[in-house]
Amino acid sequence: MLVLRLLNVVAPAYFLCISLVTFVLQIFLFIPSMFRDPSTTLLLSPALLHGALFLFLSANALGNYVLVIQSSPEDLGKDLNLGNGAEVVDWLDGSRSPGSALPSTHFCRLCARVTQRHDHHCFFTGNCIGSRNMRNFIMFCLYTSLACLDSLVAGMAYISATLSMSFADPLAFLTLLPHSISQFFSGALLSSEMFVILMLYLWLGIGLACAGFCCHQMLLILRGQTRYQVRKGMVVRARPWRENLQEIFGKRWLLGLLIPVLNVESDCGRGMHLAFIIAFLTSQNRGTHSYRFVTVFYCFTLEYTFELITNKVYCDEQSNLENILENPLAG
């Protein structure tokens, strides 16, 4: 347990350090080297286009990373007064009282909370992944893999221009590291160039890992399963894949692809979405004030109706959960 708690602290620090190093290399090394091409205009410069793309990917990756931590799963054990530690585990697996087992619910010893629809514990965020933050976690993995791919391409372009080498041959990248190590110890390669080459392989590994994990999570979502259910061999009710996707991503899935937003189950997420709509409409210089007023009123009406529906569904789920525990707790 001590090793896991230490990993729960080291892994987020490692991710933040890698993010900081990547940002510094992109802003102060890769992007300035692209301005050296005199054949392109300033507005259509590859440096500006690449810088805008990198900032977009980084903002979404870090934004969803923060939202994964902020929208941590609710502690059902605290709300239902199940007790602490081993007492919670006894209630969840049904060993303390027959019929008290809660399906798809898990007690995490690191977070010390009971998570509904528990998937796994992510050490890089130091948080459990459940129904509330699953969408933000998938978006975090997706944009992290894209940001690593973007940094990998920019780093290869920088190394190609600096060392006057070509990556047209796929074997050139595979033999780059051992060849660079020999040149570095012989004094023919600078330490800054060797550091960039090491970061290339690190970005490749992180990007592939995040992409694979994102695809694996999407496959489980399409099946309506979680990693915890698969590990425990739980049987889930078969549903259409569209309903499984809508349960995680909601009806505002397109907005979640463009900017980091909370899940629809969160009141903060609905408030953030409304604030974004109002700020976007009021920032436009085109259109009349009456058009803006009608549009904002229409958005508020739709949002309020959607809130009533989602709140009713959420309250029904909580009521069913409490009814499961009512008889065992009473006895």
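Which residue of β2 stands opposite Phe107? In this predicted model, in which residues are numbered from 1 along each chain as its sequence is written, local features need pLDDT of at least 70, side-chain atom pairs count only at pLDDT 80 or more, and totals for chains, interfaces and linings use all residues. Side-chain values use heavy atoms, with hydrogens and water left out. The residue opposite Phe107 is Val114 in β2.

**Hairpin**
- Strands β1 (residues 105–108) and β2 (residues 113–116) run antiparallel and are joined by four bridges; strands are DSSP runs (E, at least two residues) and pair if DSSP finds at least two bridges between them.
- Thr105 faces Gln116 in β2.
- The two strands form a hairpin with four residues between them, and Ala112 in the turn has a positive phi of about 55°.

**Second largest pocket**
- This pocket holds about 580 Å³ of space; a pocket is an open set of points on a 1 Å grid, where a 1.4 Å probe fits, with protein on both sides within 12 Å along at least five of seven lines.
- The volume is the space filled by probe spheres set on the points.
- Its lining (residues with an atom within 4 Å of a point) comprises 28 residues, and Phe15, Phe140, Thr144, Ile206 and Cys210 lie nearest the centre.
- Elements giving two or more residues to this lining include α1 (2–34), α5 (134–163) and α8 (191–223); helices are DSSP runs (H or I, at least four residues).
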